[in-house]
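Here is a short walk through one predicted model. Keep the structure open beside the text and follow along residue by residue.

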Amino acid sequence: MTLRIKHVLRVSAAVAVAALLTACGTPQKPLYQWAGYQNSVYQYFKTNGTAPGDQITQLEAQLIKNKAANEATPPGLHGHLALLYAKVGNDDAARAHLEAERALFPESAAYVDFLLKKPSEKTAAAAAVPAKAASGV
């Protein structure tokens, strides 16, 4: 090999190593901002769903932070908020969060549509009362 070819190979190897080290050293920004969402879901199941109001406050604050930082909301966060709002009886907010989940993650549309078709507990209870009265029970 000539001296020139050896020099080109050394320079090429040095550039390749530098590029590899640079790529490894730069952390990639996560696709979604999970922040407190995973902990909130864990706490929900750990406490059997007690204190939904506290979790609503935490997750709504997380949504505001995500929007301010222009970070993507993770899949399921709006769905979990819908569950929490339904639990406290705020059906309008629950519906809004389910629709937001469907808009952000179209792959959830079939399940969200199924949930939106289900009557709420209040609606089901109200419908049951006239039926019992009509039957004389």
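Leaving out residues up to four places away in sequence, Ser-40 touches Gln-55, Gln-58, Leu-59 and His-80. Ser-40 itself sits in helix α2. Is Ser-40 buried or exposed? Its relative accessibility is 1%, and because the cut-off for buried is under 20%, Ser-40 counts as buried.

On the α3 side, Gln-55 and Leu-59 take part, together with Pro-52, Ile-56, Glu-60, Gln-62 and Leu-63. They meet Leu-77, His-78, His-80, Leu-81, Leu-84, Tyr-85 and Lys-87 of α4. By type, the residues of this contact divide into eight nonpolar, four polar and two charged.

Now look at α4 on its own. Which residues of α4 are buried? They are Leu-77, His-78, His-80, Leu-81, Ala-82, Leu-84 and Tyr-85. An α-helix has 3.6 residues a turn, so residues three or four places apart point the same way. With that in mind, trace Leu-77, Leu-81 and Tyr-85 along the helix, all of them on the buried list. The cover over the buried residues of α4 includes α2, α3 and α5. After α4 comes Gly-89, which has a positive phi, near 90°.

Most residues other than glycine have a negative phi, and most peptide bonds are trans. Against that background, Asn-48 is worth a look, with a positive phi although it is not a glycine. Ala-51 is another residue other than glycine with a positive phi. Asn-48 lies in the loop between α2 and α3, and Ala-51 has its place in that loop too. The table sets out their values.

| Residue | Phi | Relative accessibility | Class |
|---|---|---|---|
| Asn-48 | about 55° | 68% | exposed |
| Ala-51 | near 60° | 38% | partly exposed |

Finally, step back to the whole chain. How many helices and strands does the chain have? There are seven helices and zero strands, so reading from the N terminus the order is α-α-α-α-α-α-α, with helices numbered from that end. Of the 137 residues in the chain, 23% are buried. Among contacts with a separation of 6 or more, 55% join residues 24 or more positions apart. The accessible surface of the chain comes to about 9,800 Å², and carbon and sulfur atoms account for 63% of that surface.

Terms used:
Residues numbered from 1 in each chain as written. Predicted model: local features only at pLDDT ≥ 70, side-chain atom pairs only at ≥ 80, totals over all residues. Heavy atoms only, no water. Buried < 20%, exposed > 50% of the residue type's maximum accessible area, 1.4 Å probe, protein only. Helix = DSSP H or I, 4+ residues; strand = E, 2+ residues; numbered from the N terminus. Contact = heavy atoms within 4.5 Å. Nonpolar A, V, L, I, M, F, W, Y, C, P; charged D, E, K, R; others polar. Areas by Shrake-Rupley, 256 points an atom, 1.4 Å probe, with all protein chains shown as cover.
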